[in-house]
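Grab a pencil and work through the exercises below with the model in view. Each one sets a task and then walks through a solution.

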Amino acid sequence: MIQPAAWIQAVRPLAQLNIALPLLFGQALAFAALGRFSLGWMYLAGLFGLLVQLVIVFVNDFADRETDRINTTFARFSGGSRVLPEGKLSPALLRRAALVALAAMMLMSVAVGFAGRPWAPVLALAAALLVWAYNHPPLRLAYRGNGELAQGLGTGVVLPLVGYYFQAGTFTGLNWAALVPMVLLGYVGNILTALPDVPSDKASGKLSYPVRRGQWLARRHALELLAMATAMSGLVLPGLPTWGAVVIAVPVLGVAALAVPLLGSADAENRRECERFVMLAAGASQLLVLLWALVLVGRGLFG
């Protein structure tokens with residue numbers, strides 16, 4: 001029986017922000033470098049991003065089903081979609097859905113390859129391998145540690161490359177240095193979404209960053225890495241004047257500063273404060289990417 005509400009919950013619409021922004025950022029890089037933009041390729045990049053999201057959320061839910069079952073501190077953006085612990089879908093059904101989404105993503109990348117983007121299947125394979133390495137043996141980084149690096153590479157390198165390549169049809173002109181702060185932000189994103197799940201992660205032996213380093217230190221490191229990425233705006237925007245860097249930094253760090261008073265108290269057990277901390281820090285990170293993309297678009301428009 002088809003259950004639309006359960007499948008919408010399983011898709012986790014909020015997770016699309018973590019996919020769409022890096023894709024748009026990559027396309028903004030292409031527009032700034034080459035001065036051309038295609039709505040058709042933007043739509044195709046968006047479809048690719050949707051398929052990537054389906055693969056990620058379905059695989060993560062299946063791989064984390066036992067951990068999520070004992071999770072009582074989950075938030076809107078952590079602890080999985082909850083469709084398995086709540087009995088709305090079965091693990092076998094979700095696993096089949098993940099395989100269908102993966103097949104659709106790979107088939108689409110092959111079609112895009114024949115349409116003039118021959119490296120598209122390689123990028124799709126890179127995304128699939130990172131999802132596998134994050135969730136499954138032999139690496140199973142989410143449980144053995146360093147899962148944040150996999151997310152950093154996925155959202156900081158692979159997705160921006162997809163956005164750039166879909167628009168440009170080449171990697172020529174790509175400012176590779178711009179990917180460095182994007183990796184940091186992807187790393188931060190993984191730390192943040194792991195914060196509410198610390199009790200269940202500990203119980204199941206999942207070595208997320210907050211489990212390995214402690215919740216307080218993880219929160220501090222997330223804000224410090226966010227500040228470091230903000231300070232790297234010059235890598236994203238070569239030639240950016242000091243005043244321009246300040247204009248970007250002020251709103252981003254202003255939002256992040258609202259999370260500072262929560263540093264000492266936003267443990268997972270304090271669900272309200274933990275969620276507020278994550279939302280503020282994640283919002284600052286997303287705002288930074290959005291501001292970079294807007295300036296890149298401005299450079300593409302006005303040279």
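**Exercise 1. Charges over rings**

Find out which ring R140 lies over, and at what distance from the ring centre.

Solution. Start with the rule: a charge sits over a ring if NZ of Lys or CZ of Arg is within 6 Å of the ring centre and within 35 degrees of the ring normal. Next, move to W41, whose face has R117 over it at 4.0 Å from the ring centre.

Before you go on, note that this is a predicted model, where local features need pLDDT of at least 70 and side-chain atom pairs count only at pLDDT 80 or more, while totals for chains, interfaces and linings use all residues. Residues are numbered from 1 along each chain as its sequence is written, and side-chain values use heavy atoms, with hydrogens and water left out.

**Exercise 2. Aromatic pairs**

Work out how many aromatic pairs there are, and why the pair F171 and W176 is called tilted.

Solution. First, the rule: rings of Phe, Tyr and Trp (its six-membered ring) pair if their centres lie within 6.5 Å; planes under 30 degrees apart are stacked, over 60 edge-to-face, and the rest tilted. That gives 8 aromatic pairs. For F171 and W176, the ring centres are 6.3 Å apart and the planes meet at 40 degrees, so this pair is tilted.

Then check exposure, where buried means under 20% relative accessible area, exposed over 50%, and partly exposed in between (1.4 Å probe, protein chains only). F171 comes out at 24%, partly exposed, and W176 is partly exposed too, at 48%. Finally, go back to W41: ring pairs join this residue with F48 and F166 in a cluster.

**Exercise 3. Salt bridges**

Say how many salt bridges the whole structure holds, and which parts the pair R76 and E275 ties together.

Solution. Count a salt bridge when a side-chain nitrogen of Lys or Arg is within 4 Å of a carboxyl oxygen of Asp or Glu. The search turns up 7 of them. One is R76 with E275, at 2.3 Å from N to O. R76 sits in the loop between α4 and α5 (91-114) and E275 in helix α15, so the bridge ties together parts 199 residues apart in sequence. R76 is exposed at 54%, whereas E275 is buried at 17%.

Now try R69 and E66, whose closest N and O atoms are 3.2 Å apart. These two are 3 residues apart in helix α4 (residues 65-69), about one helical turn. R69 is exposed at 54%, and E66 is partly exposed at 48%.

**Exercise 4. A helix and its neighbours**

Find the length of helix α2 and what its buried residues pack against.

Solution. Helices are DSSP runs (H or I, at least four residues), numbered from the N terminus. Helix α2 covers residues 16-34, 19 residues in total, and reaches 27 Å from first C-alpha to last. That is close to the expected 27 Å, the expected span being 1.5 Å times one less than the number of residues.

Its buried residues, among them I19, F25 and F31, pack against α3 (39-63), α8, α9 (179-194), α13 (233-236) and α15 (271-302), with contact meaning heavy atoms within 4.5 Å. After α2 comes G35, with a positive phi near 70 degrees.
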